[in-house]
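Have the sequence and the 3D view ready, and turn the view as you read.

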Amino acid sequence: MTQAQRRQWGSDRRTAPMPPVASPASDLRITLGRLGMVVTLLAWAAYIVVTVLSQFVNRGFQGMRFTSETTAYVLIMSFLTFSSLMYLVARQGALYRTRAHRRVPRAVIDESFDTSLPTMTVLVPSYREEVGTIRKTLLSAALQEYPYLRVVLLLDDPPVAREAHHADALAAARGLTAELTAFLGEPRDRFAAALERYETLTGDDPATSDQIRELAAEFSWACDWLIAKADREVREDHVDRFFAEQVLGALAADFGSVAAALASAAEDDESTLSRSRMLQLYRRLAWTFRAELTWFERKLYASLSHEANKA
């Protein structure tokens, strides 16, 4: 941030995304949550008592109109207080759940992919979006670790642009999927070949130390490749930084931790990895980079709607 730039007062100063699993709530937060509910109920009761005493007991009956207006006002305030109380109750329940929740281990998730899974199509609508934004969105979707993933860019731009910069942007958007397919080509081909080599091995014996080291080297290569690509990303604003650090960088860090764990297991004579677990890890590498990317432009077809929306 340069000297001329100023942060808006009250803006969020966090630069890292929220964690996928919330940290367990402390005793202080739980106590404050309970105190908030008690204070809300006591404040509502005090308000009702003060209103009834001041409007009815002290002043007496002042006609049906006054009584109806006061009663309606009390009901409105009661509903608003009830809404606040329900928020506090829901928040308190969320705090309790953070203590009870346990994240599913990665191995269990990988085991769920051993079964036959349906294909998944990710639709990315675009109407005169910036090419850089489209690229980041497509690549973020393509790097999701799902075995049969198809990412489709839905272009809603007018096929015949009146202005030159719109025509250039449309042409660039049309070529993005081919560009990103080539971008992912090296790791896709490398890990597909590595998976095929391991799948052709016979026997169900646990992996040897050399096989574990080879798998660790593949994860380390994936980590280095992602870091190199992240370093080459242009970082002009917070979106660019988020993509480089939290999409490419976070995935690289995850692969790096797996590589370190595998390297440590290879040096430990007592550590073993089953063939099924090795296959899961090889498939994870292969599936991460093999998404199919394509595009579709509905306004090129006379039979489809040409309304100016992201259909």
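First, some ground rules. This is a predicted model, where local features need pLDDT of at least 70 and side-chain atom pairs count only at pLDDT 80 or more, while totals for chains, interfaces and linings use all residues. Residues are numbered from 1 along each chain as its sequence is written, and side-chain values use heavy atoms, with hydrogens and water left out.

**The whole chain**

The protein chain has ten helices and three strands. Those names come from DSSP runs, numbered from the N terminus: helices are H or I with at least four residues, and strands are E with at least two. Along the sequence, the pattern reads α-α-α-β-α-β-α-α-α-α-α-α-β. The radius of gyration is 29 Å, well over the 19 Å that the globule rule gives for 311 residues, so the chain is more spread out than a compact globule. (That radius is taken over C-alpha atoms, and the rule is 2.2 Å times the number of residues to the power 0.38.) Along its principal axes, the C-alpha trace spans about 90 × 65 × 50 Å.

Of the 311 residues, 32% count as buried. Buried means under 20% relative accessible area, exposed means over 50%, and partly exposed lies in between, using a 1.4 Å probe and protein chains only. Now for contacts, meaning heavy atoms within 4.5 Å: among those between residues at least 6 apart in sequence, 81% join residues at least 24 apart.

Two packed helices are described by the angle between their axes and the distance between the axes. Here the axes are lines fitted to C-alpha atoms, over the stretch in contact for helices, and angles run from 0 to 180 degrees between N-to-C directions.

| Pair | Angle | Axis distance |
|---|---|---|
| α8 (residues 209–232) and α10 (residues 275–288) | about 20 degrees | 11 Å |
| α8 and α9 (residues 238–267) | about 160 degrees | 8 Å |

The angle of about 20 degrees makes α8 roughly parallel to α10. The angle of about 160 degrees makes α8 roughly antiparallel to α9. The cut-offs are under 35 degrees for roughly parallel, over 145 for roughly antiparallel and 65 to 115 for roughly perpendicular, with the rest oblique.

The crossing of α8 and α9 is left-handed, meaning that the near helix is turned anticlockwise from the far one by less than a right angle (clockwise would be right-handed). The residues of this α8–α9 contact divide into 19 nonpolar, three polar and three charged. Ala, Val, Leu, Ile, Met, Phe, Trp, Tyr, Cys and Pro count as nonpolar, Asp, Glu, Lys and Arg as charged, and the others, Gly among them, as polar.

The crossing of α8 and α10 is left-handed. Residues of α8 including Leu215 and Phe219 meet α10 residues, among them Leu281 and Leu285. That contact has eight nonpolar, one polar and two charged residues.

**A few single residues**

Is arginine 284 buried or exposed? Arginine 284 sits in helix α10 and, at 4% relative accessibility, counts as buried. Its contacts include Glu145 and Asp254.

Most residues other than glycine have a negative phi. Arginine 128, not a glycine, has a positive phi of about 55 degrees. Look for arginine 128 in the loop between β1 (120–126) and α4 (131–142); with a relative accessible area of 35%, it is partly exposed.

Definitions and conventions: Lists of a residue's contacts leave out its neighbours within four places in sequence.
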